[in-house]
Amino acid sequence: GPGDDALNRFVNDVKTLSATFEQTQYDEHGEILSQRSGVFDLQRPGRFRWKYSKPYEQLMVCDGDKIWNYEPDLAQVTVRPANIVLKGTPASLLAQKGQLGDSFKIESGGKQDGADLVKLVPKNDGEQTSDFELIELWIAPNGVPKEMKFHDALGGITDVLFGGVKTGVSFDASLFRFAPPKGTEVVGADGNDAGQ
Amino acid sequence: CATLPKPDTVDAAQVAGKWQAHRTAVAAISSFQLNGRAGAGNGIKADLRWRQYAGARFEARIAGPFGAGAVAISGTPHDVEIRTKDGTEQTTDPEGWMLQRAGWTFPIDGLRWWALGLPAPGTPAKTTFDAQGRLATLTQDGWTLQYLDYQEVGDLSLPHRFAATSAQIDLRLVVDQWQDIETSHNPPASS
């Protein structure tokens, strides 16, 4: 259906992407929980970088094999196998389409001012339950993501608006690698991912 | 050569005096909201909003990145209602519930005081102070708190980053924003 087609445009036609984003989180009463902004870089297959710069720094880097999550304020880096963390989370939707189908039912939300609304409904079948009620992704005709909305379990919403999107970007390979700064505790959770 | 006074030997009585003044000012806070983050030693990360009402009632909202696994805990520390994607349940042990269901926990009982940089009233506490007479370390009720730095909020000095360690968990907390701070207007006890 159109939902699938739009998603395929994003996954198949957009090999590399660089964009800024503005993220606003609302609670179930519409009250603002946080407002953050940063940069998102993607290089298929499986490499991406999600960097919050304001109001504080937080960095997620996936080199295709591992996901590094660095939070300077907590002086801590977690490193996890990419396939474990990716299942059923926003990261999977960004990097790989393959897994997407296992965790979500893909539905179409029709067209909204020129963009295709793709609704990702968590399958929640048996052992694997998603952390979200619903994820919405608006994709432009050229396959570029315009907006993402994560509907959380309490009825709150995390709204991510992309801007300044560039595709066909050549990245320096080091962008998708991460070297923990000196003095930062590296927590390598093994396979079983207890939490997030 | 003349021995110079060591710069860091701040007079103990001075510090005690500063602590009393600081404590009186902060203890006047009757309700507040904080928005912050927690990082557990096992790598779990969460965003935290804590709303403290006058008395013991609070509301905590905890979620992972993009709101993943959002949980709401509300009530008084030993009688709470927990709302998750599976519905609502009651418990008298929210710290234990978190450890078992979310894989990490935080000092729900003590946070109302400890987040402000105060020992909780009514139970023994071991304390050390920094040169400005603010809490540096606190050991109470099975937890050890280490206050790494403070931030100025109006004319109050409130914690910014602190660590909380118990037998079950090593936790680092950052308070990104203090809001809606109300102080009780009755004059401080030792006026």
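The following conversation goes through a predicted model, part by part.

Student: Before we start, how are residues, chains and ligands labelled here?

Tutor: Residues are numbered from 1 along each chain as its sequence is written, while chains are lettered from A and ligands numbered from 1 in the order in which they are written. The model is predicted, so to speak of local features pLDDT must be at least 70, and side-chain atom pairs count only at pLDDT 80 or more, whereas totals for chains, interfaces and linings use all residues; side-chain values use heavy atoms, with hydrogens and water left out.

Student: How many helices and strands are in chain A?

Tutor: Chain A has four helices and 12 strands. Helices (H or I, at least four residues) and strands (E, at least two) are DSSP runs, numbered from the N terminus.

Student: What share of chain A counts as buried?

Tutor: Of its 196 residues, 51% count as buried. Buried means under 20% relative accessible area, exposed means over 50%, and partly exposed is in between, with a 1.4 Å probe and protein chains only.

Student: And what is the accessible surface of chain A?

Tutor: It comes to about 8400 Å², and 50% of that belongs to carbon and sulfur atoms. Such areas come from the Shrake-Rupley method with a 1.4 Å probe; for residues, only the protein chains shown count as cover.

Student: Which peptide bonds in chain A are cis?

Tutor: Two can be named: one joins Arg44(A) and Pro45(A), with omega about -5 degrees, and another joins Lys54(A) and Pro55(A), with omega about -15 degrees. Pro45(A) lies in the loop between strand 2 (32-43) and strand 3 (47-54) of chain A. Pro55(A) is in the loop between strand 3 and strand 4 (58-63).

Student: What is the phi of Ala75(A)?

Tutor: Phi of Ala75(A) is near 50 degrees, a positive value in a residue other than glycine. Most residues other than glycine have a negative phi, and most peptide bonds are trans. Ala75(A) sits in the loop between strand 5 (66-71) and strand 6 (76-81) of chain A, and it counts as partly exposed because its relative accessibility is 28%.

Student: Turning to chain B, where is Asp180(B), and what is its phi?

Tutor: Asp180(B) belongs to strand 11 (residues 170-183) of chain B. Its phi is near 45 degrees, again a positive value in a residue other than glycine. With a relative accessible area of 53%, Asp180(B) is exposed.

Student: Which of its residues are buried?

Tutor: They are Val15(B), Trp19(B), His22(B) and Val26(B).

Student: What does the buried face pack against?

Tutor: The buried residues pack against strand 1 (29-40), strand 7 (126-129), strand 8 (135-140) and strand 10 (156-165) of chain B. Contact here means heavy atoms within 4.5 Å.

Student: What happens at the start of that helix?

Tutor: There, a side-chain oxygen of Asp11(B) reaches to within 2.7 Å of the backbone nitrogen of Ala13(B).

Note on methods:
Polar contact = N/O pair within 3.5 Å; in protein donor to acceptor, adjacent residues only side chain to side chain.
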